[in-house]
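Subject: Structure for you to look at

Dear colleague,

I am passing on the structure below, and my notes on it follow. Please read them alongside the sequence and the model.

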Amino acid sequence: MFLALKEMRRAKVRFGLLISATGLLVLLILAQQAIQTGLITSFIGAIEKQSAPVLVYSVDGQRILQGSIITPALEQKIRSTEGIEKSGRIGQGTFTVKVNDDEEDSDAAIIGYTDPDLGEPDQLSAGRAARGPGEAVGSAPGFEVGDTVRVLGPDGGSRGTGEIRVVGLADDAQLQVTPTLFTGWSGYVASVKSANPDAGAILPSAIGVAPVAGLDPAALAERINDASQEADALPRQVAADESPGVAEVRQSFQVIFLLFGLVVPLVTGLFFLIITLQKSASLTLLRAVGAQSGLLVRSLMFQVVLVIGGGLAVGIALYTPLSQARLGEIKLSFDVSAVLIWSVLLLGLGLLSAVVSARRVLKIDPIEATTGEGGR
Amino acid sequence: MSLSLKELRRRPGRFGVATVILTLIAILLMFLGGLLDGLTAGNTGAIRAQQADLIVYSSTSQDSLVRSRIEPEQEKQVAAVEGVSGVGELGSVQLGARIDGKGPRDLVPVVLFGYQAASEGLPEPPTRPGEAWADATLKAEGVEQGDTVRVGPARSTIKVLGFVDDTRYAGQSTLWASLRTWRMVQNENRPDARVTPGISQALVVQSSPDASGLAGRIDEATDGFTSSLTESEAIDALPGVAAQESVFNQIIGLTVLIAIIVVALFFALITVERIGLYGVLKALGAGSGRLFAGVLLQAVIVTAIACAIGALAALALDAVVPAGSIPFTATGARLVDSTVFLLVAALIGCAFSLRRVLRVDPAQAIGGGQ
């Protein structure tokens, strides 16, 4: 260990470069993990945070709230399914809004519900739940308590919506990377009519359903799907996970992570292999004067642990401030489990990559010190 | 030069691991670029297919097609602006399509467009209601020329007349119909988004050759009711496109940085190993420039091999990825860009070894340093 540390102290640039490279790779992996999590949360946070245990889309909606339309006949079929304690309409649209007196118009997704227990977020981070028309819970980031929001029509005016006041906030409750408001059904209907003066009947996008006591949401979803081929009922978390695009985002990132997972051990493996080759004469000499090969291998592994550990420390130190940032509407966060999993994985892969170097050390024949072969 | 080439030929193993690492980085870089290009192509095809000089939205739509609403009055105002040579209406609706042979729950997400103006990317709009051109990606879903698909909860029937290429929108396949068909389908399936005759979502504007400042003049003529964008501005305004490009470009930039570090690390070590040899060569009259040029040449060759393998892997991936799975496209421009990035990274990485080469003292090679 003493030798390993001394060598690292004397070759600061060499080891420093490797630690920096590993640190940057760790930063890249963790940053991408944070972007993936933030991106997915910004896409489907509202579905995860709304309170209905089961969401019933129309099959045509392709599991997109805004794309789904529940016809009166389908609504009737859903409501008549056995095992439902209560059900309520949920509507969703994305609108151009004016927040407070901002000069710039902005986007907002508005989710309307007929029953607050089946649509409004069940956990608020600030303020209170909406109690009446003209009040809403807003997503954070995106809104502040006290904000007033006006839905704009095609001519820039708002036709009869009045103002929606944000009275509470729910963390990570965005939909489609858009600031989101949760309000009563009448507020939603007024918003749709304000945006489109030609709008006909305003039908729900989905039906929120709660099962009777003792019935699992998944079992209720199955019953509803059995009752109608037009219905696409999903428990809340499944509805979020199976939203279009989520699986593709995960899949794409997994390929990137796999490649990074290969690059890190290859970089460290290459480094230690070259170092071992460079030191082969000294290592042979050490073996000739009595140093056990186990000791030399332990020294090598100790250096690997220090390099990967140093890289992890550098990467995590750079990741910490980055994880507090926002990329547009995407909020990043420090993911402890991702840090732990990647630390263990990279350390394991790093040690594995040093096996080739370790084998070379083990193969050193002390007799070569007397023949001059060790230096080759 | 010949010495460095000889070393590469005689001791390829020495450069093998660096080549493998750089190959992985090249694959990563080209995969990231291909993914970005695939995602962008799948999101923007419909806009690019218009080959419009300008696309005009209503000003309160935040340049979102689905939220935009253009009334006949504004269309007339736009058409009357000097420099406008053609105006076509455009409308869209996103729905699920039922295709024969698929199960009752196995719908294909499509965007049905209503359009007026043909372009190089789009033939003349179908004349009969209920007919449409389909994006070629629908072939992978089993759709053939002459088939009828049923869209939306109202099961509006659309007969496919033929196929058009590269017209995907929002990552979905598209159907291209007349404005009349679009209004019919929209009103049958989305009563909340109903449109009356004459209403469209956007205008596709062609301009005469000398129509500079046309966008501003159009918006002025409509009294600020419209927001006129060039094609590239309209693409950037699509949800997520600009953010997606920004995130991917940052990752690509950092990957290039890693390539610089890997090359720097590897060739620094190689140089350290060769210090003695360089001393001898210098003592025999070789200049530092010549020695460093040899290092550069080796770095360029190793990187070029890595890039070639990376490009082949990217092309192979592009060929085997089934339509509709990973949005990956390997374009020549992207592969060339990535290769150039990595070659520049190799040169920069190598530059870190320059100092060591310059510092080699020939006297040490003949014992002067002792």
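The C-alpha centres of domain 1 of chain B and domain 2 of chain B lie 45 Å apart, domain 1 being made up of 2–44 + 242–365 and domain 2 of 54–229, with bounds that come from an automatic or database domain assignment. Six residues of domain 1 of chain B are in contact with six residues of domain 2 of chain B, where contact requires C-beta atoms, placed from the backbone, to lie within 7 Å.

This is a predicted model, in which local features need pLDDT of at least 70 and side-chain atom pairs count only at pLDDT 80 or more, while totals for chains, interfaces and linings use all residues. Residues are numbered from 1 along each chain as its sequence is written, and chains are lettered from A and ligands numbered from 1 in the order in which they are written.

Between the chains, the contact draws on 48 residues from chain B and 50 residues from chain A. On the side of chain B that touches chain A, the largest share, 12 residues, is given by H7(B), a helix that covers 241–273 (helices are DSSP runs of H or I with at least four residues, numbered from the N terminus).

As for chain A, its C-alpha trace spans about 95 × 50 × 30 Å along the principal axes. Of the contacts in chain A between residues at least 6 apart in sequence, 81% join residues at least 24 apart.

Best regards

Technical notes. Two residues are in contact if their C-beta atoms, placed from the backbone, lie within 7 Å. Helices (H or I, at least four residues) and strands (E, at least two) are DSSP runs, numbered from the N terminus.
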